[in-house]
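Colleague: I am new to this structure and would like a close look at one part of it. Please take me through the charged side chains and how they pair.

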Amino acid sequence: VGITSNSPNLNPKEYGLIQNYPNPFNPSTQIKFNLTKTDLVVLKIYDVLGKEVRTLLNEKMNAGEKAAMWDGLDNSGMAVASGSYFVKLETSAGVDSKKMTLLK
């Protein structure tokens with residue numbers, strides 16, 4: 001999972017996820033999010049039944065605009081099926097989620 005920080009010295013005013021791009025996607029998608037302060041970040045992918053598919057992040061990160069890539073693989077490295085998935089961002093500032101669609 002590649003993490004980028006587009007603005008390490010700029011603190012966004014709003015916390016939360018930005019819709020992934022591209023969406024629908026195949027084979028990978030970029031998930032951007034804003035952190036207003038240094039915080040523990042948990043970023044996970046879930047299927048429509050609420051089952052965890054992949055943990056992308058579970059680490060402390062500095063404030064700023066961030067981005068992570070999801071390659072359509074689950075935690076065991078297997079490709080997931082086409083369909084709808086949810087990305088969930090959790091920090092002490094709150095929880096945010098967005099729907100994504102994988103097309104093969």
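Modeller: One cut-off comes first: a residue is called buried when its relative accessible area is under 20%, exposed when it is over 50%, and partly exposed in between. Keep in mind that this is a predicted model.

Start with the setting. The chain has zero helices and eight strands. Buried residues make up 38% of its 104 residues.

Now the pairs. Side chains of opposite charge can pair when their charged atoms come close. A search of the whole structure finds three salt bridges.

Take Asp71 and Arg54. Their closest N and O atoms are 2.7 Å apart. This pair links distant parts of the chain: Asp71 sits in the loop between β6 and β7, Arg54 lies in strand β5, and 17 residues separate them. The two partners differ in cover. Arg54 has a relative accessible area of 14%, so Arg54 counts as buried. Asp71 comes to 36%, so Asp71 is partly exposed.

Next come Glu52 and Lys44. Their side chains meet in a salt bridge, at 3.1 Å from N to O. Glu52 is partly exposed, with a relative accessible area of 31%.

Then there is Lys88 with Glu90. The closest N and O atoms of this salt bridge are 3.7 Å apart. Lys88 is partly exposed at 25% relative accessibility. Glu90 is partly exposed as well, at 29%.

Asp47 belongs to strand β4, which covers residues 39-47. Asp47 is buried, yet has no salt bridge. For Asp47, the nearest side chain of opposite charge is Lys51, 5.4 Å away.

What does the side chain of Asp47 reach instead? The backbone nitrogen of Leu49, at 3.0 Å. Beyond its neighbours within four places in sequence, Asp47 is in contact with Val53, Ser84, Tyr85 and Phe86.

A polar contact can also be found at Asn62. Asn62 is in the loop between β5 and β6. Its side chain joins that of Thr38 through a polar contact of 3.4 Å. Asn62 also touches Leu35 and Lys37. Leu35 is 27 residues from Asn62 in sequence, but their C-alpha atoms are 7.4 Å apart in space.

Conventions
Residues numbered from 1 in each chain as written. Predicted model: local features only at pLDDT ≥ 70, side-chain atom pairs only at ≥ 80, totals over all residues. Heavy atoms only, no water. Helix = DSSP H or I, 4+ residues; strand = E, 2+ residues; numbered from the N terminus. Buried < 20%, exposed > 50% of the residue type's maximum accessible area, 1.4 Å probe, protein only. Lys, Arg positive; Asp, Glu negative; His and termini not counted. Salt bridge = Lys/Arg side-chain N within 4 Å of Asp/Glu carboxyl O. Polar contact = N/O pair within 3.5 Å; in protein donor to acceptor, adjacent residues only side chain to side chain. Contact = heavy atoms within 4.5 Å.
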